[in-house]
Amino acid sequence: MNTYWRTFKTAAWLGWEMDSNWTEPWLFMVYSVVKPVAGAFILVLMYTVFAILFGRADLSAFSYMYVGNSFFIFVASTLFGTFQVIQADREWYQTIRYVYISPISYYVYILGRAASKIAVAAFAVLITLLFGVLFLDVQIHLSLVSLPMFLVSLVLGLAVLLAIGICLGGISFLTAKHTHGLAEGIPGLFYVFCGVLFPLSVLPDWGQAVGRAIPLTYWFDITRRLISPSLDIDTTLQGYDDLGILMLLLVSSLAFFVLSILIFKMGEYFARKAGKIDMTTSY
Amino acid sequence: MSTPSVRRTDLRARISLNLHAVVGRAYPRVIGANREPSWIFFEAFLPLLGIAAYVFVYQAFGDRAIAAILGGACADHACVDAAEQAVYLAVAKANTNALIASVVLGGTMVAFWLNVLWSMASQLYWEKEIGNLQLYMMAPMNRMALLGGMAVGGMFMTSLRAVSTLVAGVVVFGVVFKVVDVFLLLAVFFVALTALYGLGMMFASLYLLWGREAWNLSALMEEPIFFSSGFYFPVAGLFRVPGWGPIVAIAGSFVPATFGLDALRQLTLGTTAFGGQFWIFDAKTELYILLAMAVVFLILARYSLAYLEMLAKREGKLTSRHQ
């Protein structure tokens, strides 16, 4: 256990240094916030153009979209933070062989490397939400009573994300340098099917079924229920109560944890068998 | 023993050498990618999902607006009669289609912009990291031929993603395009691409001097550029935001994608789309601006590459890795 904790701490420190030491701390903070805030502004302008064209404001739909997009920063950062480790170490730094043969758990090492990205994402989410409340009339009312449940759901949501990220990492043992395709595509999958920007009812029936099968859909739903309870949007998930959703998230995080170990080990086994552990694909 | 060859320096030989360099650098991008077919899934299919999300946002907004009209609300007042309701309904449907089409066109341009950032601008930096750059520098061809080869190969690779986005727009999302002037459309598209890749060539030389800042700068030029250049909404919408809106729009217009997209949207949706209120200039004017940008960026790329190569050599950064 001690080795795992030491590995995690050292990897987290390494990840933080790799992410941030290319520039001054203040510039890094600006950099960390500009990207997600610009992402939120795309939606603000989409809404503005809609409001001008249709001659009507729809604050509920806007708040729904804004809150979902803010928490989606966690999805993009956590997933990218985990699955990029293998490809960055293998293709870019070409250090994977040295880390891999050291007496540590490579799985825990990846989790540690992702930790710094999650910390930066938490900061970006906070800034984005604050900006929305202060300048864009986003409807957020998180009560003290809801706070513990919100924190529990946040931890469970992040656990699911980390496990999914490790699953993708296991697959990326075997693929060429597709970090950008994965970084754009897999979060895109959740962006479409998990009711992040729009309620599931917009999707066709099969799309709604896909959305209901992904635990993150429920995470986004409970997050909105807790911090924006006044939204007038039919999410199609009213049949689930808050505790039921928390239980579902708990079971999902455990299931994905087991799945992540299986996929990671399989990816590792086949990559070693095919001699792909330290391959480089530099076209 | 082979006969020693004489190095030819006449124009014909130089052109031939540089054309070979273009083909040689484009070749691994086209063939290398095809040898690893998994990229089709990662680079062509998966990114469609992100674009689909923005399509559904407009769909959701449109559905709620249409539901409100059907419920008797015409914009900010109650519908006077069935005729007015029908007019509002038709306009709402047309606007929803135009907004979705804007996203689809933006999605095709996203593919090229990402390729410019990650496979043009940061490519020399990447080559430096993996140790190829010194080999390129020793080779006798012009550096612009090298960048030209990267651009040709990159455009070819990216076209698949761009085409798949367009096809998905028409087949899956039912977008209707009304192309009136095909030649002008093709001219705008290719001139915009030339300007875009010219900008990428210029960035490539800048990145030569930088270390990890280069990677982070490329990452920073995704969402902020998607926003300021109006990839997912008509960029003239920014001019309707009082205060900072026009400033952001003007800053964004230094990226050729801004005028390229605005012109492409006019030429595929008709100038009357969005009530004609969301265009910057007419398509022909935008074509001339793009043409000027293409020339300027290519010239700047040529000179900045030579200058920064010299600077990188002087500062000893040409082959220094992982900094």
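This is a predicted model: local features need pLDDT of at least 70, side-chain atom pairs count only at pLDDT 80 or more; totals for chains, interfaces and linings use all residues.

Most residues other than glycine have a negative phi.

Next, select B:F274, which lies in the loop between α11 (256–269) and α12 (283–314) of chain B. Here, too, phi is positive in a residue other than glycine, with a value near 55°. Is B:F274 buried or exposed? B:F274 has 22 C-beta neighbours inside 10 Å, so it counts as buried.

Now display the whole of chain A. Chain A contains ten helices and zero strands. Its radius of gyration is 20 Å, close to the 19 Å given by the globule rule for 283 residues, so chain A is as compact as a globular protein of that length. Along the principal axes, the C-alpha atoms of chain A fill a box of roughly 60 × 40 × 40 Å. Of its 283 residues, 48% count as buried. Among contacts in chain A with a separation of 6 or more, 85% are between residues 24 or more positions apart.

Return to chain B and select helix α3 (residues 82–121) together with helix α7 (residues 182–209). Their axes come within 8 Å and cross at roughly 30°; α3(B) and α7(B) are therefore roughly parallel to each other. The crossing of α3(B) past α7(B) is right-handed. To view the contact, show side chains including B:F112, B:W113 and B:V116 in α3(B), and B:L196, B:Y197 and B:F203 in α7(B). The residues of this contact comprise 13 nonpolar, one polar and no charged.

Finally, show both chains and select the residues where they touch. On this surface, 51 residues of chain B are in contact with 46 residues of chain A. Which elements of chain B each supply at least two residues to the side that touches chain A? They are α1 (11–35), α2 (38–70), α3, α4 (123–130), α8 (212–220) and α9 (223–228). The largest share, 19 residues, comes from α2(B). Colouring this side of chain B by residue class gives 31 nonpolar, nine polar and eleven charged residues.

Definitions and conventions. Residues are numbered from 1 along each chain as its sequence is written. Chains are lettered from A and ligands numbered from 1 in the order in which they are written. Axes are lines fitted to C-alpha atoms, for helices over the stretch in contact, and angles run from 0 to 180 degrees between N-to-C directions. Helices (H or I, at least four residues) and strands (E, at least two) are DSSP runs, numbered from the N terminus. Angles under 35 degrees count as roughly parallel, over 145 as roughly antiparallel, 65 to 115 as roughly perpendicular and the rest as oblique. A crossing is left-handed if the near helix is turned anticlockwise from the far one by less than a right angle, and right-handed if clockwise. Two residues are in contact if their C-beta atoms, placed from the backbone, lie within 7 Å. Ala, Val, Leu, Ile, Met, Phe, Trp, Tyr, Cys and Pro count as nonpolar, Asp, Glu, Lys and Arg as charged, and the others, Gly among them, as polar. The radius of gyration is taken over C-alpha atoms; the globule rule is 2.2 Å times the number of residues to the power 0.38. A residue is buried if 20 or more other C-beta atoms lie within 10 Å of its own, exposed if 12 or fewer, and partly exposed in between; C-beta atoms are placed from the backbone.
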